[in-house]
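This briefing concerns a single protein chain and is arranged by topic. Please consult the sequence and the model shown below alongside the text.

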Amino acid sequence: MISDTGYTRFAEDFETGKIYHLGSHTITADEIVSFARKYDPQDYHLSEEAGQLSFFNGLVASGWNTACIWMSLYVTKLLKNAAVEGSPGVDELRWLSPVRPGDVLNGQVEILNKIPSLAQPDIMTIRKKGILIRSNEVKPVCTLVLNCRFKKHP
């Protein structure tokens, strides 16, 4: 139900301990190289040939690229119509496994806890653990702990 504010999800609607599945994204070589050219121009992100000469033995996505993929899935799936008020930051970000062209990455987010604002009684910060997992695997390729501010129900 849409409130008078136009939002359908508020801080109270996110249950501590709940895991939300955010969908998937298949990464391509073109996407890896395009991102790298603009934001992280290290050789092993720019070409298969250079990647073969590196520790990675092939083209790999920038860790920042994988974090952005998770963020896109998170915003599209979980924040649509949510009363989100920005983020005071990320407490932790880990890149645990290289991401390669053709990998299908599945996003998840777990609600860790909720912290009421002392200065703004209508705001609550929600701590979440974000996870990006390659299809058919258990070990994440990327994890993060994100703090995000949400309005409470009016």
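Residues 24 or more positions apart account for 71% of the contacts (heavy atoms within 4.5 Å) in the chain with a separation of 6 or more. The model is predicted: local features need pLDDT of at least 70, side-chain atom pairs count only at pLDDT 80 or more, and totals for chains, interfaces and linings use all residues. Residues are numbered from 1 along each chain as its sequence is written, and side-chain values use heavy atoms, with hydrogens and water left out.

**Overall architecture**

- The chain comprises 4 helices and 5 strands, taken as DSSP runs numbered from the N terminus (helices H or I, at least four residues; strands E, at least two).
- Their order from the N terminus is β-α-α-α-α-β-β-β-β.
- The C-alpha trace spans about 55 × 30 × 25 Å along its principal axes.
- Of the 154 residues, 38% count as buried, that is, under 20% relative accessible area with a 1.4 Å probe and protein chains only.

**Nonpolar core**

- A nonpolar core is a set of buried Ala, Val, Leu, Ile, Met, Phe, Trp, Tyr and Cys residues joined through side-chain atoms within 4.5 Å.
- The largest such core has 29 residues, and those with the most contacts inside it are Leu-22, Trp-70, Tyr-74, Leu-132 and Phe-150.
- Two or more residues each come from β1 (19-26), α1, α4 (63-78), β3 (104-116), β4 (123-134) and β5 (140-151).
- The element giving the most to this core is β5, with 6 residues.
- Beyond its neighbours within four places in sequence, Leu-132 is in contact with residues including Ile-69, Trp-70, Leu-105, Val-141 and Cys-142.

**Asp-40**

- Asp-40 lies in the loop between α1 (29-39) and α2 (43-46).
- Asp-40 is buried yet has no salt bridge (a side-chain nitrogen of Lys or Arg within 4 Å of a carboxyl oxygen of Asp or Glu).
- The nearest side chain of opposite charge, Arg-37, is 13 Å away; Lys and Arg count as positive, Asp and Glu as negative, and His and the chain ends are not counted.
- Leaving aside neighbours within four places in sequence, Asp-40 is in contact with Phe-35, His-45, Ser-62 and Trp-64.

**Cysteines**

- A search of the whole structure finds 0 disulfides (pairs of cysteine sulfur atoms within 2.5 Å).
- Cys-142 is in no disulfide, the nearest cysteine sulfur, that of Cys-68, being 9.7 Å away.
- Cys-142 counts as buried because its relative accessibility is 1%.
- The sulfur of Cys-148 is 16 Å from the closest cysteine sulfur, in Cys-68, and therefore too far for a bond.
- Cys-148 is also buried, with a relative accessible area of 4%.

Definitions and conventions. Buried < 20%, exposed > 50% of the residue type's maximum accessible area, 1.4 Å probe, protein only.
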